[in-house]
Amino acid sequence: MQQIEEDIELKKVGLELMFLTPEKYSNADGITAVELSKLVEIPVEIVKKKLALLKEKSIVRVKGNNPKYWLFDEYNFQRMDEDDDIFLLLCSFDDVDFDRYFSY
C-alpha cells in the first residue's frame with residue numbers, strides 16, 4: 001500500500017494519539033475528533049477518516065457515541081504485525097519533532 005506509506009495526515013493523527021497526555025483533552029475518556037483536529041491542524045472530516053482507519057487496526061479505542069472519545073491502545077499496537085503498513089508508518093520517527101509531544 002504505497003498510499004499509507006506517504007499518509008502524513010494519518011501519521012500526525014496516530015502519533016498525536018500515541019503521545020497524548022490527559023492534559024491535552026477535556027474528558028477522562030479521551031479526546032474528541034474536534035479537539036484532535038485542532039491539535040494536529042487538519043480538518044475534522046479528514047481526522048475522522050484517519051481515526052476510522054486506526055480503529056480498523058484496533059490501535060485506537062472509542063468510547064461514547066455523541067461525542068466519541070478516542071484513546072490510543074498501546075496493548076494492541078505492540079501486538080501488531082511488524083510488517084503492517086500503519087505500524088511501519090507510526091514507527092518511522094525520522095521526520096518527527098518530539099518537542100511537539102514532550103516538554104523537557
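Student: Which helices each supply at least two residues of the lining of the largest pocket?

Tutor: In this predicted model, H2 and helix H3 (33-40) each do so, helices being DSSP runs of H or I with at least four residues and strands being runs of E with at least two, both numbered from the N terminus. A pocket is an open set of points on a 1 Å grid over the protein atoms alone, where a 1.4 Å probe fits, with protein on both sides within 12 Å along at least five of seven lines, and lining residues have an atom within 4 Å of a point. H2 gives the most to this lining, with four residues, and the lining as a whole includes Ile 8, Lys 11, Lys 12, Leu 15, Leu 39, Val 40, Asp 95 and Arg 100.

Student: What should I keep in mind about numbering and confidence?

Tutor: Residues are numbered from 1 along each chain as its sequence is written. Because this is a predicted model, local features need pLDDT of at least 70 and side-chain atom pairs count only at pLDDT 80 or more, while totals for chains, interfaces and linings use all residues, and side-chain values use heavy atoms, with hydrogens and water left out.

Student: How many residues of helix H2 are buried?

Tutor: Buried means under 20% relative accessible area, with a 1.4 Å probe and protein chains only. Eight of the 11 residues of H2 (residues 8-18) are buried, so this helix is largely enclosed by the rest of the structure; among them are Leu 10, Lys 11, Val 13, Glu 16 and Met 18. At the start of H2, a side-chain oxygen of Asp 7 comes to within 3.3 Å of the backbone nitrogen of Glu 9.

Student: Where is Asp 73 placed?

Tutor: Asp 73 is found in the loop between strand S2 (69-72) and H5, and this residue is buried, with a relative accessible area of 10%. A polar atom of the Asp 73 side chain lies 3.2 Å from the backbone nitrogen of Tyr 75.

Student: How many aromatic pairs does a search of the whole structure find?

Tutor: The search finds two; rings of Phe, Tyr and Trp (its six-membered ring) pair if their centres lie within 6.5 Å, with planes under 30 degrees apart counted as stacked, over 60 as edge-to-face and the rest as tilted. Phe 77 and Phe 87 form a tilted pair, at 5.1 Å centre to centre and 35° between the planes. Phe 77 belongs to helix H5 (residues 74-78) and Phe 87 to helix H6 (residues 85-90), so the pair ties together parts that are 10 residues apart in sequence. Phe 77 counts as buried at 7% relative accessibility, and Phe 87 is buried with a relative accessible area of 14%. Ring pairs also link Phe 72, Phe 77 and Phe 87 into a cluster.

Key: Buried < 20%, exposed > 50% of the residue type's maximum accessible area, 1.4 Å probe, protein only. Polar contact = N/O pair within 3.5 Å; in protein donor to acceptor, adjacent residues only side chain to side chain.
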